[in-house]
Each structure stands twice: as structure tokens, then as C-alpha cells.
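Here's a quick briefing to read with the structure open beside you. Take it topic by topic, and try to find each spot as you go.

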Amino acid sequence: TGASTTVYAVDDFGNPNDENATETEEQYLIKWKGWSYLHNTWESEATLKEQKVQGMKKLENYKKRLDEIADWKSHASPEDLEYYECQQELSQDVHTQHLQMERIIAHGPSKSGDGSETEYFCKWSGLPYIECTWEEGSLIEKKFQNKIDEYFARQKNQKIPSKVCKALKVRPKFIPLKVQPKYVGGVNNLELRDYQLEGLNWLTNTWCKENSVILADEMGLGKTIQTISFLNCLFNQHSVFGPFLLVVPLSTMTSWQREFEMWAPEMNVIVYLGDVNSRNVIRQYEWCHPGNKRLKFNVL
């Protein structure tokens, strides 16, 4: 039980529990208030009582719920049982997702020790901004060095919105793209279909003429990708660094986020979503550079 059962401790030192032990005890995976899912630990009822933790009522309710589920299973039909197992698997996938970092949004000196260490303020996948947590630099460097690199790259990025933009004052002459530009497609070199490249040209042409348009392709033909490629074209070819505002249905939010990462990884995309507290965190850490108050993001 305890700290030796966190995912990072198990990765480093192995599982402290003997799977072949003859004597066993009932243990529960505990999510601690104010700590990320990385710090979940396995605890027995005895160890929880020893620590005099608050919230023992939650454990009692959980055990009662397990008893109710066991009783229900004894009478449920095979179809209901199969549906229940599928729901449990989905729930487990969601909890696994919470162990993955989406991005780092701030850093500062560690509050523990002499302050020489660095702490990172981390946004976790599938959780709102209000669930961001400060994490020790040594742990994040070990597990998420790529997220640290991405964070500092965003901090140093000079391709941020500016009022001084020639292309916005006088729209440039339209030059059709015969082939897909290298900057479209991300690190995996994804390729647009012919009709998507045609759609990209059409969107760029109408923008150059200062016309408003609707891209009305059928469902599944890649309107999201064409729109992202268009913004990417403005970003790379015309030095229009935003801010671009995208208003999308809630159900498609993660899809937009994923496609931006794949097709336009250079652009800093902020998902402005959540309750008032989450939005406050976004505005505090993701909105402006503290020194010059210029916007950090390209797409909102």
C-alpha cells in the first residue's frame, strides 16, 4: 500500500505486492483530493484508518454499491451483463486517459526543498483545466519530457497574433496551389485528397477576395481537415497568426483538437471549455504572455 503503489513507483521499482502470495487483503485504488491520477495509491481499509483520512463515508458507499451490483448480477440477463461489462471497460479507459498529459501550461520554482527544482503546472487528458496540478520537475522530466519541450517551444514562439499584419490590411493576390504545401500534413506527412486541395484553394481564393463563404461538403468528406489546412495556409503562407475563433459542437471538440495536432502541430490551439473556474485558469495561464500582454494562442 501507499506511495510504493503509484504508477511511477511501480514502473521504477516493480509491483510491491506478491501476486503468488497465499494471504491476501482487500485493497482499493484511491484518488487523493488535490493530487493528479499519477499519485493514486492502493490502500486497505486499515491503512486508510491509520492515516485518519477524511471521506471514509465514500469507501462505505463504494462497498455498498459493490454489494448492490453483485446482487443485481445474480438476476441480470446475459445482454444486460454484457452491456455492464462494456461500460466498465469504457470507464477504465477514461481513467487510463487521465494518466496522460495533454500539455504543460506554466512552470515555477518548487515549493518544496530549497526552490532550486522546477515544478510544472500540468493539464491532464480528459479533465477540465480546474483539475490541473503542480508536479515535481524530476517526475515530469522522466515521464513527459516531450511535453516540457513543447511547452518551452510555445513560450518562445514568435508566431503569435499581431495587429501589424500586411495580409489583413491588404489581402494578397490569390495564387492557386497545384500541389499540397509541405507545411500541411504535420510530422506524419498526411496527404489531402484532390477535392480537399480544391476546397483549400477555394477557401483561400474567397478569403483573398474578402468574401464570406460556407463549405458545405457532405458528412465525412473532411470539412474539418480542409478548414484546418486553410488556417494553416494563412498561418504559414501569409503570416496571419490569428487569433482564429472556432465555434464547434461539443461532441466534435476532441476531434477538432486531434486533427489540429495531426495536420497543423505548429499552431497553438486552446480549447476554451469548462465551468467558470476552468475558464479562469485558461485566461490566467493560456491567454497572454505576462510580460507584453500579447496573445499566446493562434486558435481558440
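What follows is a tour of the domains, the contacts between two of them, and a few local details.

Keep in mind that this is a predicted model. The chain is assigned three stretches: domain 1 (3-93), domain 2 (100-156) and domain 3 (166-287).

**Where domain 2 meets domain 3**

- On the domain 2 side, 10 residues make contact, and they touch 11 residues of domain 3.
- Putting the two domains together buries about 890 Å², and carbon and sulfur atoms supply 57% of that area.
- Which residues of domain 2 lose the most area to domain 3? They are Arg103, Tyr129 and Ile130, which together make up 55% of what the domain 2 side buries.

**Charged and polar pairs across that interface**

- Side chains of opposite charge can pair when their charged atoms come close.
- Between domain 2 and domain 3, the rule picks out 1 salt bridge.
- Look for arginine 103 and glutamate 286, which form a salt bridge with their closest N and O atoms 3.0 Å apart.
- You'll also find 6 residue pairs in polar contact between domain 2 and domain 3.
- Strand 3 (residues 101-109) gives the largest share of the domain 2 side that touches domain 3, with 4 residues.
- Sorted by type, that side of domain 2 has 7 nonpolar residues, 3 charged ones and no polar ones.

**The Chromo annotation**

- An unreviewed UniProt entry carries the annotation "domain: Chromo", and it covers residues 8-65 and 99-163.
- Take residues 8-65: this span is 38% helix and 14% strand, and its end C-alpha atoms sit 30 Å apart.

**A salt bridge inside a helix**

- How many salt bridges does the structure hold? The count is 8.
- One to look up is the pairing of lysine 57 with glutamate 60, whose side chains meet at 4.0 Å, N to O.
- Both lysine 57 and glutamate 60 belong to helix 3 (residues 56-73), and they are 3 residues apart, about one turn of the helix.

**Two backbone details in loops**

- Check the peptide bond from glycine 242 to proline 243: it is cis, with omega near 0°.
- Proline 243 sits in the loop that runs between helix 9 (223-237) and helix 10 (253-263).
- Glutamate 210 has a positive phi, near 60°, even though the residue is not a glycine.
- You'll find glutamate 210 in the loop between helix 8 (194-208) and helix 9.

Notes: Residues are numbered from 1 along each chain as its sequence is written. This is a predicted model: local features need pLDDT of at least 70, side-chain atom pairs count only at pLDDT 80 or more; totals for chains, interfaces and linings use all residues. Side-chain values use heavy atoms; hydrogens and water are left out. Domain bounds come from an automatic or database domain assignment. Contact means heavy atoms within 4.5 Å. Buried area is the accessible area (1.4 Å probe) that two parts lose on being put together, summed over both. A polar contact is a pair of N or O atoms within 3.5 Å; within protein, one must be able to donate a hydrogen and the other to accept it, and residues adjacent in sequence count only if both atoms are side-chain atoms. Ala, Val, Leu, Ile, Met, Phe, Trp, Tyr, Cys and Pro count as nonpolar, Asp, Glu, Lys and Arg as charged, and the others, Gly among them, as polar. UniProt positions are given in the numbering used here, feature names are shortened, and annotations may be inferred rather than shown by experiment.
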